[in-house]
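Please read them with the structure open beside you.

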Amino acid sequence: MARHKTKPFIPAPTRRSCGKNRYNSEREAREVADQQELLFANQGLRLKVYHCSFCGGWHLTKQL
Ligand SMILES: [Zn+2]
């Protein structure tokens, strides 16, 4: 049997994206992302929706 190495789970240091712009569902996040993309279309804003395992919510991140 392989030695079970217990890797301590170190929570990510407080991410800047956590706490703000947190959405409860992917759909909600996507809707906001679409609105933001429209608002900043002239800047070519593209947003990506991703699930955050840290806070359990959904966030938006700029897609470059
Ligand atoms: Zn989060």
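1. What pLDDT does the protein chain average, and what share of the residues score at least 70? This is a predicted model, and the average pLDDT of the protein chain is 85, with 83% of the residues scoring at least 70. Among the elements of the chain, α1 has the highest mean pLDDT, at 97, whereas β2 has the lowest, at 93.

2. On the overall arrangement, the protein chain contains one helix and two strands, and read from the N terminus these elements follow the order α-β-β. Of the contacts in the chain with a separation of 6 or more, 45% are accounted for by residues 24 or more positions apart. Buried residues make up 9% of the 64 residues in the chain.

3. On the pairing of the strands, β1 and β2 (residues 58-62) run antiparallel and are joined by five bridges. Two pairs can be located in the display: Lys48 has Thr61 in β2 as its bridge partner, and His51 stands opposite Trp58 in β2. The hairpin that β1 and β2 form has six residues between the strands, and in this hairpin Gly56 takes a positive phi near 80 degrees.

4. Which residues form the largest nonpolar core? The core has five residues, namely Ala29, Ala33, Leu47, Val49 and Trp58, and the elements that give two or more residues to it are α1 (26-39) and β1 (47-51). Within this group, Ala33 touches Leu47 and Val49, and also Leu60, when residues up to four places away in sequence are not counted.

5. Leu60 deserves a separate comment. Leu60 is placed in strand β2, and, once its neighbours within four places in sequence are left aside, it is in contact with Asn21, Ala29, Val32, Ala33, Leu47, Lys48 and Val49. Is Leu60 buried or partly exposed? Leu60 counts as partly exposed because it has 19 C-beta neighbours inside 10 Å, where 20 or more would be needed for a buried residue. The C-alpha atoms of Leu60 and Arg30 are separated by 8.2 Å, although the two residues are 30 residues apart along the chain.

6. Lys62 also lies in strand β2, and it is classed as exposed because 10 other C-beta atoms are found within 10 Å, the limit for that class being 12 or fewer. Lys62 and Leu47 are 15 residues apart in sequence, while their C-alpha atoms are 4.7 Å apart in space.

7. Asn24 belongs to the segment before α1. Why is Asn24 listed as exposed? Asn24 is exposed because it has 10 other C-beta atoms within 10 Å. From C-alpha to C-alpha, Asn24 and His59 are 9.0 Å apart in space, with 35 residues separating them in sequence.

Technical notes:
Residues numbered from 1 in each chain as written. Predicted model: local features only at pLDDT ≥ 70, side-chain atom pairs only at ≥ 80, totals over all residues. Core = buried A, V, L, I, M, F, W, Y, C linked by C-beta atoms within 7 Å. Helix = DSSP H or I, 4+ residues; strand = E, 2+ residues; numbered from the N terminus. Contact = placed C-beta atoms within 7 Å. Pairing = 2+ DSSP bridges. pLDDT = per-residue confidence, 0-100.
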